[in-house]
Amino acid sequence: DGNKGRALITASFNLVNVEGESVTQKDFHGKPMLVYFGFTYCPDVCPTELMRMGQLLDALGRDADKIHPILISVDPDRDTPQAMQSYLKSFHPDIIGLTGTPENIKNAASSFRVFYSKAEDPGSNAGYLIDHSAFVYLMDKNGEYLAHFSPQTDFELMLQRIKKSFSS
């Protein structure tokens, strides 16, 4: 049934933005949210998904201000508000970066049913990487789950679904 995933995925978080201000999901009510969980040291999937998020915003044109594009860090040890701010500059000026304490990140991730775990990576200069789900979540203007997209989801399909969310 189409509503099966609905109750499981909720937008519930208490994090800090790149200015260091506390925010919760309620601060974003009124507009749909496009939410991605990732981290600034991510070598591949995060930059790709954030580029795609930027391209979606560009494709929306004037309608881009009808949505909150959000990156929530799964690496609170390294992703300070400052690190998030400088990282996101290379993707799109409108993407909102959120981070927080390990506990707050864990709570946010579990509300979205996002998996992540630290993986030792002696070969990287970071010492570790984070394995994580790579879905982009579309939530409605009240923070309710609408859809999620995998890295393989067609760009046009995502764009149409986002446009549809403005009226839902």
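How do E3 and strand E8 (residues 136-139) pair, and over how many bridges? Some notes on that and on the rest of the model.

1. To take the question at once: E3 and E8 pair in the antiparallel sense, over four bridges. Pairing here asks for at least two bridges found by DSSP between the two strands. Strands (E, at least two residues) and helices (H or I, at least four) are DSSP runs, numbered from the N terminus.

2. A word on what we're looking at: this is a predicted model, with local features needing pLDDT of at least 70 and side-chain atom pairs counting only at pLDDT 80 or more, while totals for chains, interfaces and linings use all residues. Residues are numbered from 1 along each chain as its sequence is written, and side-chain values use heavy atoms, leaving out hydrogens and water.

3. Back to E3 (residues 33-38). Six of its six residues are buried, so the strand is largely enclosed by the rest of the structure; buried means under 20% relative accessible area with a 1.4 Å probe, protein chains only. Met-33, Val-35 and Phe-37 point one way, Leu-34, Tyr-36 and Gly-38 the other.

4. Gly-38 has Ser-73 as its bridge partner in E4. With helix H1 (residues 45-60), E3 and E4 make a right-handed β-α-β unit: looking with the strands pointing away from you, the path from the first strand over the helix to the second runs clockwise.

5. Now E1 (residues 14-17). Three bridges join E1 to the antiparallel strand E2 (residues 22-24), with Asn-14 opposite Thr-24. Four residues lie between the strands of this hairpin, and Gly-20 takes a positive phi near 85°. E1 also pairs with strand E5 (residues 96-99), again antiparallel, over two bridges; there Val-16 stands opposite Thr-99.

6. Rings next. There are five aromatic pairs in the structure, counted when ring centres of Phe, Tyr or Trp (its six-membered ring) lie within 6.5 Å. Ring pairs link Phe-37, Phe-112, Phe-135 and Tyr-137 into a cluster.

7. Arg-78 lies over the face of Tyr-128, 3.7 Å from the ring centre, and the charged end of Lys-118 sits over the Tyr-128 ring at 4.2 Å from its centre. The criterion is NZ of Lys or CZ of Arg within 6 Å of the ring centre and within 35 degrees of the ring normal.

Methods:
Buried < 20%, exposed > 50% of the residue type's maximum accessible area, 1.4 Å probe, protein only. Phe/Tyr/Trp six-rings, centres within 6.5 Å; stacked < 30°, edge-to-face > 60°.
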